Amino acid sequence: MHISCTEDRPRAANAHVADELHAGLEAPEAWISPKFLYDALGSKLFEAICELPEYYPTRTEAAIFARHGAEIARVAGSGATLVDLGAGNCAKAASLFPLLQPAQYVAVDISAEFLCDALARLRQRFPHIDMQGLGMDFSSRFELPPTVAAARRLFFYPGSSIGNFTPDEAQGFLRRLRLQCGDDGGVLIGVDLAKDKDTLDAAYDDALGVTAAFNLNVLRHVNHLVGADFDIRAWRHHGFYDPARGRVEMHLEAVRDQEVHWQCGGQACSRRFAAGDTIHTENSYKYQQADAIALLERSGFEATRVWTDPQRWFAVIHAQAIH
């Protein structure tokens, strides 16, 4: 049994994080990348969101795996190198271990601390599986270290995370996966399908306010990363589906006039926000099934099977690398 957990966070990467946050906060329409939602606390809050009655993706996808798991395993094959992207608590992948029987499990997540804790718990349940944790941001660049077996890599990207990218960004991301998976690899991906606005609005603005806490926590994370002084009490969550753009948007809205300060390149920077100004924190694109398949094909993969729930709210797609 081998288990390791590493973090890809050198000094240059820290400077890149600061530059990216500065660019977003200074933009005419301010934004913060959704990857910064997932620090240790944000990851725990997202776990709670997945338990909410309004948040259908997790339970709908889980029902697909429960109903079709044996067939999914036959199509995807057992004994692969299972690379779990955005692994979080690793629960989704772990539920498939008895069926997929991976030769190696590689969990990748931007929140290294949260990931290492999850892997330590998982080790107790599956001591025979070689495990590795990689704390890294895979949204803009992606290269697996030599410790990850090269043969039969199966990239596991469940949930609706592919929707956080614009369609063009999603294609670039999937092409990077294609370069890493070799000719005998593939992807097993979850895709949230387009549906009515009321269902989507409720899923991203729940009655308990857990999604609001998750969104607001990004300001606390930014305070930590770049020495900012956001007052979380001065902001509120706003999440809604835009049918014209085919995506859910999450924003933070200023509830009063304020000036926010942060460090950028060793100097003090600031911006004044008026009441009603917003910071865009996340998109979640919703796909038609045919469009999702076409996206995979443009990225170098051929869809072999698609599994959906009876309502066709969600799809799990296996796609093989095109030679």
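The buried residues of helix α6 are A170, Q171, F173, L174, L177, R178, Q180 and C181, where buried means under 20% relative accessible area, exposed means over 50%, and partly exposed lies in between, computed with a 1.4 Å probe on protein chains only. Before I go on, please keep in mind that this is a predicted model, in which local features need pLDDT of at least 70 and side-chain atom pairs count only at pLDDT 80 or more, while totals for chains, interfaces and linings use all residues. Residues are numbered from 1 along each chain as its sequence is written, and side-chain values use heavy atoms, with hydrogens and water left out.

Let me stay with α6. Helices (H or I, at least four residues) and strands (E, at least two) are DSSP runs, numbered from the N terminus. Helix α6 covers residues 167–181, and its 15 residues reach 21 Å from the first C-alpha to the last, close to the 21 Å expected at 1.5 Å a residue; the expected span is 1.5 Å times one less than the number of residues. Against what do the buried residues of α6 pack? They pack against the strands β2 (81–85), β5 (153–157), β6 (186–192), β12 (301–308) and β13 (314–321), and also against helix α9 (289–298), contact meaning heavy atoms within 4.5 Å.

Q171 has its place in this helix, and it counts as buried because its relative accessibility is 14%. Leaving aside neighbours within four places in sequence, Q171 is in contact with L295, R298 and S299. Just after α6, G182 takes a positive phi of about 70°.

Helix α3 gives another picture. Residues 56–76 make up this helix of 21 residues, yet its end C-alpha atoms are only 25 Å apart, short of the 30 Å that a straight helix would reach at 1.5 Å a residue. Where does α3 bend? The bend is at H68 and comes to about 75°, taken as the angle between axes fitted to the seven residues ending there and the seven starting there. Just after α3, G77 has a positive phi of about 90°.

In the loop between α3 and β2 we find S78, which is partly exposed, because its relative accessible area is 40%. Not counting residues up to four places away in sequence, S78 touches A73, L99, L100, Q101 and R152. With 30% relative accessibility, R152 counts as partly exposed. R312 also has a positive phi, of about 55°, although it is not a glycine; its place is in the loop between β12 and β13.

I turn now to a sheet. Its three strands form an open sheet in the order β7-β8-β11, with antiparallel pairing, and two strands are taken to pair if DSSP finds at least two bridges between them. The edge strands, each pairing on one side only, are β7 (235–242) and β11 (278–285). Neighbouring strands of this sheet are turned by 20° against each other on average, direction ignored. β7 and strand β8 (residues 247–254) pair in the antiparallel sense over eight bridges; G239 stands opposite M250 in β8, and the bridge partner of D242 in β8 is R247. The hairpin of β7 and β8 has four residues between the strands, and there G246 takes a positive phi near 65°.

Finally, the nonpolar cores, each a set of buried Ala, Val, Leu, Ile, Met, Phe, Trp, Tyr and Cys residues joined through side-chain atoms within 4.5 Å. Which residues have the most contacts inside the largest nonpolar core? They are I32, F230, W235 and I279, in a core of 40 residues. At least two residues of this core come from each of several elements, including α1 (11–26), α2 (40–49), β9 (258–264) and β10 (267–273), while the largest share, seven residues, comes from α8. F230 touches L25, L219, V222, N223, W235, V260, F273 and I279, not counting residues up to four places away in sequence. Apart from this core lies another, of 33 residues, among them L134, A170, I317 and A319; A170 is one of the buried residues of α6, with which I began.

Key
Axes are lines fitted to C-alpha atoms, for helices over the stretch in contact, and angles run from 0 to 180 degrees between N-to-C directions.
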